[in-house]
Amino acid sequence: AGLRADGNWHRCKLAPCALLLLGIAWSISDLRQRLLPSYEKDDYRDAAALAHIALMRGEPVFWQADRETAMYYGLRTAEVLKPGSIAPSDPLTAASGACSLSWFRQSLQTHRAVLVVMSNKADIFDPGGECRNTLDSLDIEHLASLSAFDVLKVTGVKSSSRQF
């Protein structure tokens with residue numbers, strides 16, 4: 001309404017200035033939310049993309065994070081695994097749950113590697129530290145650190161663990 005020429009000279013000058021200032025404020029706000037580290041979000045999209053790549057290579061994925069979000073980004077998930085569950089023969093994404101050494105051993109018998117997508121929110125998804133302890137007994141390669149995830153590749157069981 002302020003842009004219409006109704007004969008008021010001040011309104012005709014102030015309205016474009018106000019719109020310009022509003023546009024500048026929105027642009028600054030958008031750039032801050034996009035670029036500043038303090039506005040980083042949990043990076044589920046990138047973690048899911050890495051999981052998709054592993055699944056396309058035929059590797060199973062152990063998803064130690066929010067199951068519903070994995071499904072939102074198109075990852076097929078199993079029911080929450082129980083300790084000692086049989087590893088799936090087809091590559092699929094396993095939901096958070098039993099992070100057992102036997103699951104990884106069984107998976108590695110039929111697949112050369114397992115991708116592990118682990119949330120940095122250990123208090124929610126690994127409250128007792130069981131999964132981190134299990135991963136310590138495996139041969140792992142650190143693939144990526146996202147804002148809220150560690151992405152690891154499990155290629156075997158450490159030799160000291162095989163004796164037990």
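Helices here are DSSP runs of H or I with at least four residues, strands are runs of E with at least two, and both are numbered from the N terminus. D46, for instance, lies in helix α2.

Before going on, the ground rules. This is a predicted model, where local features need pLDDT of at least 70, side-chain atom pairs count only at pLDDT 80 or more, and totals for chains, interfaces and linings use all residues. Residues are numbered from 1 along each chain as its sequence is written, and side-chain values use heavy atoms, with hydrogens and water left out.

Back to D46. Its relative accessible area is 38%, so D46 is partly exposed. On that scale, buried means under 20%, exposed means over 50%, and partly exposed is in between, with a 1.4 Å probe and protein chains only. D46 and F149 are 103 residues apart along the chain, yet their C-alpha atoms are separated by 9.5 Å.

F149 takes us to the core. A nonpolar core is a set of buried Ala, Val, Leu, Ile, Met, Phe, Trp, Tyr and Cys residues joined through side-chain atoms within 4.5 Å. The largest one has 18 residues. Which of them touch the most other members? They are W63, L115, V117 and F149. Helix α2 gives the most, with five.

Look at V117. Contact means heavy atoms within 4.5 Å. Setting aside neighbours within four places in sequence, V117 is in contact with A47, V61, F62, W63, Q64, A65, F149 and D150. There is also a second, separate core, with 14 residues, including L108, V114, L138 and V154.

Now the strands. Two strands pair if DSSP finds at least two bridges between them. Strand β4 (residues 138-145) pairs with β5 in the antiparallel sense, over seven bridges. A hairpin of three residues joins β4 to β5. E141 has K153 of β5 as its bridge partner.

Side chains of opposite charge can pair when their charged atoms come close. The rule for a salt bridge is a side-chain nitrogen of Lys or Arg within 4 Å of a carboxyl oxygen of Asp or Glu. How many salt bridges does that rule give? The count is three.

Start with E59. Its salt bridge to R57 has the closest N and O atoms 3.1 Å apart. R57 is partly exposed, at 41% relative accessibility. E59 is buried, with a relative accessible area of 1%. E59 also forms a salt bridge with K153, with the closest N and O atoms 3.9 Å apart. E59 lies in the loop between α2 and β1, and K153 in strand β5, so this pair ties together parts that are 94 residues apart in sequence. Both E59 and K153 are buried.

R132 forms a salt bridge with D150, at 2.9 Å between the closest N and O atoms. The pair links distant parts of the chain, with R132 in helix α6 (residues 130-136) and D150 in strand β5, 18 residues apart. R132 is partly exposed at 34% relative accessibility, whereas D150 is buried, with a relative accessible area of 14%.
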